[in-house]
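Visitor: I am new to this structure and would like to learn how to read it. Could you walk me through it?

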Amino acid sequence: MKRKLVCIVCPRGCIIEADVSELGVEISGNGCPKGAAYAKEECTAPVRTVTSAVRVVGGNEAMVSVKTAKPVPKDKIFEVMRLIRAKTVAPPVSAGDVIISGVFGTDIIATKSVE
Ligand code: SF4
């Protein structure tokens, strides 16, 4: 099966062709090895960094922005979003604080501070 992907690793945006078979993944069109690694991962085990926001109870802002500290499997994004939606925090929250730990091999961390 052939797939065309736009590499998102750098702004150049190379169009990469991936030929996926039982023998593996053959890559062409990449401008550098990082693009080949990205395309192989995208075809075999795609991952995404999830960004969202968690409700703050009693703070000077209603929400605090969060993200996964590391990318999670793409097929787990809805489960990650369910955990984030169910979570509330009390201030103070500092950027980098762990908001939810142990989520598919990583943590959900705050990306801003709220008093
Ligand atoms: S293949 Fe390399 S040069 Fe091309 S967009 Fe990806 S990272 Fe950038």
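Guide: We will go from the overall outline to the sheet, the cores and the ligand. This is a predicted model, in which local features need pLDDT of at least 70 and side-chain atom pairs count only at pLDDT 80 or more, while totals for chains, interfaces and linings use all residues. Residues are numbered from 1 along each chain as its sequence is written.

Visitor: How many helices and strands does the protein have?

Guide: Helices (H or I, at least four residues) and strands (E, at least two) are DSSP runs, numbered from the N terminus. Here there are 2 helices and 10 strands, and their order from the N terminus is β-β-β-α-β-β-β-β-α-β-β-β. The radius of gyration, taken over C-alpha atoms, is compared with a globule rule of 2.2 Å times the number of residues to the power 0.38. For this protein it is 18 Å, well over the 13 Å that the rule gives for 115 residues, so the protein is more spread out than a compact globule.

Visitor: In what order do the strands of the open sheet stand?

Guide: Two strands pair if DSSP finds at least two bridges between them. In this open sheet of 5 strands the order is β8-β5-β6-β10-β9, with mixed pairing. Strands β8 (88-89) and β9 (98-103) are at the edges with a single partner strand each, so one side of each has no neighbour in the sheet. Further in, β6 (residues 63-68) and β10 (residues 106-110) are antiparallel, joined over 3 bridges, and V66 faces A110 in β10.

Visitor: Which residues of the largest nonpolar core touch the most other members?

Guide: In soluble globular proteins, nonpolar side chains tend to be buried together. A residue is buried if 20 or more other C-beta atoms lie within 10 Å of its own, exposed if 12 or fewer, and partly exposed in between, with C-beta atoms placed from the backbone. A nonpolar core joins buried Ala, Val, Leu, Ile, Met, Phe, Trp, Tyr and Cys residues through C-beta atoms within 7 Å. The largest core has 15 residues, and V54, V64, V66, V89, V93 and I99 touch the most other members. Apart from it lies another core of 7 residues, including C7 and I16.

Visitor: Is F78 buried or exposed?

Guide: F78, in helix α2, counts as exposed because it has 8 C-beta neighbours inside 10 Å.

Visitor: Which residues are around the ligand?

Guide: A residue is near a molecule if its C-beta atom, placed from the backbone, lies within 6 Å of it. Around this ligand are C7, V9, C10, R12, G13, C14, N30, G31, C32, K34 and G35.
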